[in-house]
Amino acid sequence: MLYFDNAASAKPCEEAIAALSKVLTSNYANPSALHKGGIEAEKIITDSRENLLSRLSGFGKKGSLIFTSGATESNSLALLNSVKSRKGNRIVTTATEHPSVSRAVDKLAQEGFEVVRLSPKDGGGRFEEYIIENVDDNTVMVSVTSVCGETGFLTDVDFLYREIKRRFPDCLFHTDGAQGFLKTNINGDLISLSAHKIGGVAGVGGLFINEGVRVTPQMFGGEQQKGVRPGTEPTALIAAFSAATDSYCGEINLHFKELNERLRRGLENLPNIKINSRDGVYNILNFSCGVKSEIMLHFLAEKNIYVSSGSACARGKKSQILPAFGIGGQDIDSALRVSFGRQNTFDEVAVFLETLEEGIKRFRR
């Protein structure tokens with residue numbers, strides 16, 4: 001099997017699996033329990049939280065980290081539970097957001113918030129400045145993803161956060177950091193994270209909450225995590241998340257760069273391929289192949305090669321994000337996304353290119 005769908009869910013790394021196994025077999029007590037087992041489990045969570053906090057650019061321990069079930073929950077918690085008690089009625093976001101952000105913003109629009117969605121194709125090559133130009137004194141929140149999950153497009157949210165807070169200090173800044181964490185500098189008052197995008201295990205994520213920012217609960221129960229996200233914490237998943245973070249290093253991003261360059265060179269040698277990714281991270285490459293995505297996906301799957309046509313959460317629906325980059329028509333219908341993981345190799349890229357060429361010759365008319 002050749003797996004090139006790591007932006008949907010990356011293969012768990014060995015370190016994460018080892019940490020998961022250790023907790024499941026020896027530290028499985030409820031971390032809220034007052035006996036020794038519970039105290040040891042709570043320490044694992046505390047150490048993991050401090051480790052993850054230290055990775056968030058420039059923050060250290062100035063804020064808190066709430067563990068969630070993943071970035072979707074974190075995004076809903078950040079967007080729906082932080083703005084309603086604050087002054088302002090305008091929300092500035094982008095047309096390149098994950099559905100967990102865009103649909104949460106839709107909900108706020110239904111409740112009377114003014115929503116402004118901005119597209120990179122309208123930014124004139126200066127997307128960050130374009131976003132800032134649309135922020136005003138009535139803006140209660142800016143929510144911008146650090147990395148677009150479909151194309152890998154990179155937005156400098158560190159610059160955005162600092163500049164917007166300088167001009168509008170009361171405006172909240174949220175970023176969906178699921179695809180950008182450890183691949184680029186991310187910053188914000190609220191930052192959503194996901195373990196299974198970096199080699200952790202699916203089922204756990206986090207929401208960084210900056211000092212002084214209030215987020216109200218969206219469900220109720222015990223007093224775990226200061227009551228913001230009650231419920232028994234999944235100690236094993238959290239330990240695996242922290243272990244995956246520890247094992248992620250600069251060499252991994254360099255490996256992605258080399259794989260990306262190899263794939264781009266190969267695609268350029270195939271007829272009528274259009275590369276849709278630009279100004280992005282190296283682990284994601286989106287291109288249009290001239291054959292309907294569904295047909296090509298099935299053909300590749302028959303050869304045990306797994307790619308995608310966009311976000312897994314879109315469930316195969318036509319991309320709502322590619323038009324934000326000025327991509328339309330057949331280029332959307334034939335778009336494929338290759339996303340690399342730590343395990344992928346140059347030989348695998350070569351096999352993919354050979355198989356893709358075979359599919360193009362068979363199906364392109």
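Q: How many cavities of 30 Å³ or more does the structure hold?
A: Keep in mind that this is a predicted model. Counting cavities of 30 Å³ or more, the structure holds 1.

Q: What is the volume of the largest cavity, and which residues are closest to its centre?
A: The largest cavity has a volume of about 100 Å³. Its lining is made of 15 residues. Of these, the closest to the centre are Ala10, Lys197, Phe256, Gly341 and Arg342.

Q: How many residues does the contact take from domain 1 and from domain 2?
A: The domain assignment gives domain 1 (14-247) and domain 2 (249-363). Their centres, taken over C-alpha atoms, are separated by 27 Å. The contact takes 24 residues from domain 1 and 25 residues from domain 2.

Q: At what angle do the axes of helix H2 and helix H7 cross, and is the crossing left-handed or right-handed?
A: Helix H2 covers residues 36-55 and helix H7 covers residues 235-247. Their axes come within 9 Å and cross at roughly 35 degrees. The crossing of H2 past H7 is left-handed.

Q: How do the residues of the contact of H2 with H7 divide?
A: Residues of H2 including Ala41, Ile44 and Arg55 meet residues of H7, among them Thr235, Phe241 and Asp246. The residues of this contact divide into 7 nonpolar, 5 polar and 2 charged.

Key: Residues numbered from 1 in each chain as written. Predicted model: local features only at pLDDT ≥ 70, side-chain atom pairs only at ≥ 80, totals over all residues. Heavy atoms only, no water. 1 Å grid on protein atoms, 1.4 Å probe; cavity = no way out; pocket = protein on both sides within 12 Å on 5 of 7 lines; lining within 4 Å. Points joined across faces, edges and corners; volume = space filled by probe spheres on them. Axes fitted to C-alpha atoms, helices over the stretch in contact; angles between N-to-C directions. Helix = DSSP H or I, 4+ residues; strand = E, 2+ residues; numbered from the N terminus. Left-handed = near helix turned anticlockwise from the far one by under 90°. Contact = heavy atoms within 4.5 Å. Nonpolar A, V, L, I, M, F, W, Y, C, P; charged D, E, K, R; others polar. Domains from an automatic or database assignment.
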